[in-house]
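Here are my notes on the strand pairing, in numbered points. Have the model open while you read.

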Amino acid sequence: MSRIGKAPITIPSGVEITVEGGEVKVNGPKGQLSQNIGSEITASIEEGILTVQRPTEQKRHKALHGLYRSLIHNMVTGVTEGYSCKLELVGVGYKASVQGNILELNLGYSHNIFLAIPTEIKVSAETTKGKNPIISLDSNDKQLLGQVAAKIRSLRKIEPYKGKGIRFVSEEIRRKAGKTAAK
């Protein structure tokens, strides 16, 4: 992790980063994010480049060094470009619809599932005839986006025989062969 931590973060134009005590705040065109980095790891800004330093060469400090550098880099990318995630519902009769920030899923259970999506995430569901429904999630917070996508995915996990369930659009599913009929 120490190699990741040593890499500097270039601050793009239109992004403001402030380091106050143990907290780093990133402000950009797509919003504002903050991360507490504690008192052991320090961050400094010089000439448009942010660097993260560790106090000692202990294994714990090396791990925290790389972790906080990656989190700050993800925040800078989030407020400039943003993150998106697409989930695909594979199965007969699986449906998704959005009313405000409430996602309604019909996943083959006896009831529909209503999921409240945080306000930081923009959610949309699109259904085209002959194709699987797709849920699109957009946010500037990579950590929150991944957490919500994992929660949606856990509602109906992919099964390996028919491939039914909720999966990421680019995900490859490892399929198993079923039983062979006796002759």
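1. Terms first: two strands count as paired if DSSP finds at least two bridges between them. Helices (H or I, at least four residues) and strands (E, at least two) are DSSP runs, numbered from the N terminus.

2. A word on provenance: this is a predicted model, where local features need pLDDT of at least 70, side-chain atom pairs count only at pLDDT 80 or more, and totals for chains, interfaces and linings use all residues. Residue numbers start from 1 along each chain as its sequence is written, and side-chain values use heavy atoms, with hydrogens and water left out.

3. Start with the open, antiparallel sheet of three strands ordered β2-β3-β4. Its edges are β2 (16-20) and β4 (31-36); each has a single partner strand, so one side of each is left without a neighbour in the sheet. Neighbouring strands here are turned by 15° against each other on average, direction ignored (axes are lines fitted to C-alpha atoms, for helices over the stretch in contact; angles run from 0 to 180 degrees between N-to-C directions).

4. Six bridges link β3 (residues 23-28) to β4 in the antiparallel sense. Look for Val24, whose bridge partner in β4 is Gln35. Helix α2 (residues 59-80) packs on this sheet and touches β2, β3 and β4, its direction making about 175° with that of β4; contact means heavy atoms within 4.5 Å.

5. Now the other one: β8-β9-β10 is the order in an open sheet of three strands, with antiparallel pairing. Edge strands β8 (95-99) and β10 (113-116) each pair on one side only.

6. Antiparallel β8 and β9 (residues 102-106) are joined by five bridges. Gln99 has Ile102 as its bridge partner in β9.
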